[in-house]
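Subject: Structure for you, with notes

Hello,

Here is the structure I promised to send over. My notes follow below it.

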Amino acid sequence: MDSMRERFAPVVTRLLDEDPRVAVVLAEIGLAGFEEALRRHPDRVINVGIREQLLIGAAAGLALTGLRPVVHTFASFLVERPFEQIKLDLGHQDAGAVLVSAAASFDWPAGGFTHMSPGDVALLDTLDGWTVHVPGHPDEAATLLRHAVATGDDKVYVRLSEQANAQARPVDGSRFHTVREGRAGVVVAVGPLLDPVLAATEGLDVTVLYATTVRPFDAAALRRATDTAGTDVVLVEPYLAGTSTSAANDALAHLPHRVLGLGVGRRELRRYGSVDEHVRAHGLDARTLRERIGGFLDVREGPRVRARV
């Protein structure tokens with residue numbers, strides 16, 4: 001199976017061919033995937049070099065002329081380094097763009113902490129009006145990329161990952177989807193963490209919701225799930241732990257409830273290691289998730305729960 005990032009350039013190249021509004025802005029990273037697109041559309045494939053603030057500023061300028069810029073680099077260089085430009089050039093000017101990241105939380109451990117960005121979604125959460133997609137499979141990434149480009153002039157962040165679930169699920173760019181139904185709590189699995197969550201909750205009487213669009217947060221789906229599963233909620237996110245706890249709390253503000261946010265911890269891991277080692281160190285492997293989810297929901301082996309495809 002090819003990766004989400006390997007899908008990125010072919011999908012966006014087709015969009016360049018199909019839609020004269022689409023432009024691509026790069027900062028060296030990912031340029032090789034657009035060599036043919038650069039030959040066909042030299043005026044709409046722009047490489048600004050290793051200048052991430054200019055990357056966002058150029059995208060905002062293109063948006064203000066009526067184009068739909070797709071902007072790509074590693075998450076730490078796309079969201080964190082040029083955050084002021086995201087805030088002012090895009091947000092303050094109400095200019096839309098599609099930011100597409102790679103290697104966010106710890107997808108390239110050998111790159112060190114400079115190439116990790118577990119706080120990217122939390123940082124964007126401080127700004128108004130951003131849609132955030134977190135696909136869990138390359139097919140979902142292709143669908144959500146097309147959806148992001150087609151959504152008028154909105155501000156959209158698409159978070160690609162080297163980690164992926166074994167199978168794609170239907171995604172529509174807005175709703176959470178019910179994968180399992182139970183009665184002893186709700187677990188929201190975000191993007192590539194669905195498979196570990198399904199393994200962790202096998203045999204447990206819990207509802208599992210699958211989220212690939214996390215902003216806007218699908219409060220209605222969470223409320224519907226709690227009608228039968230109760231108001232104990234666990235969020236399992238592939239970025240900073242607790243990023244969506246306030247959104248879940250707001251969704252259930254009218255009810256007594258508890259929320260546990262699981263994800264990447266704040267403690268900096270100073271050894272490169274492997275992706276799997278980082279997953280285990282942050283407690284996002286299936287075994288540790290089962291312990292933490294089961295302990296919080298006080299649920300053990302129970303009746304077989306209904307599964308949805």
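Start just after helix 5, where D94 takes a positive phi of about 55°. Keep in mind that this is a predicted model.

**Helix 5**

Helix 5 itself spans residues 83-92, and its buried residues are F83, Q85, I86 and L90. These four lie on the same side of the helix, because they cover an arc of only 145° around the axis. The face turned away from that buried side carries E84 and H92, both exposed.

What do the buried residues of helix 5 pack against? Three helices are on the list: helix 3 (52-64), helix 4 (75-80) and helix 6 (120-124). Strand 4 (97-102), strand 5 (130-133) and strand 6 (155-159) are on it too.

**Nonpolar cores**

In soluble globular proteins, nonpolar side chains tend to be buried together. Here the largest nonpolar core has 49 residues. L99, Y157, V188 and L222 have the most contacts inside that core. Helix 3 supplies the largest share of the core, six residues.

Take L222 as an example. Leaving out residues up to four places away in sequence, L222 touches V186, V188, L209, F217, V233, A248, A251 and L252. One of these partners, V188, is itself among the residues with the most contacts in the core.

There is also a second, separate core, with 25 residues. L194, V236, L284 and V299 are included in this second core.

**Second largest pocket**

The second largest pocket holds about 160 Å³ of space. Its lining consists of Q163, P192, L193, P196, V275, D276, V279, R280, L284 and D285. Which helix gives the most to this lining? Helix 11 (residues 275-281) does, with four residues. By class, the lining has six nonpolar residues, one polar and three charged. Note L284: this residue lines the pocket and also belongs to the second core.

**Cavities**

How many cavities of 30 Å³ or more are there? The count comes to three. The largest cavity has about 40 Å³ of space. A104, S105, D107, R159, L160, S161, Q163 and P238 line that cavity. Three of these lining residues are nonpolar, three are polar and two are charged.

Best wishes

Note on methods: Residues are numbered from 1 along each chain as its sequence is written. This is a predicted model: local features need pLDDT of at least 70, side-chain atom pairs count only at pLDDT 80 or more; totals for chains, interfaces and linings use all residues. Side-chain values use heavy atoms; hydrogens and water are left out. Buried means under 20% relative accessible area, exposed over 50%, partly exposed in between (1.4 Å probe, protein chains only). Helices (H or I, at least four residues) and strands (E, at least two) are DSSP runs, numbered from the N terminus. The arc is that of the directions from the helix axis to the C-beta atoms. Contact means heavy atoms within 4.5 Å. A nonpolar core is a set of buried Ala, Val, Leu, Ile, Met, Phe, Trp, Tyr and Cys residues joined through side-chain atoms within 4.5 Å. On a 1 Å grid over the protein atoms alone, a cavity is a set of points where a 1.4 Å probe fits but cannot get out, and a pocket is an open set with protein on both sides within 12 Å along at least five of seven lines; lining residues have an atom within 4 Å of a point. Grid points are joined across faces, edges and corners, and a volume is the space filled by probe spheres set on the points. Ala, Val, Leu, Ile, Met, Phe, Trp, Tyr, Cys and Pro count as nonpolar, Asp, Glu, Lys and Arg as charged, and the others, Gly among them, as polar.
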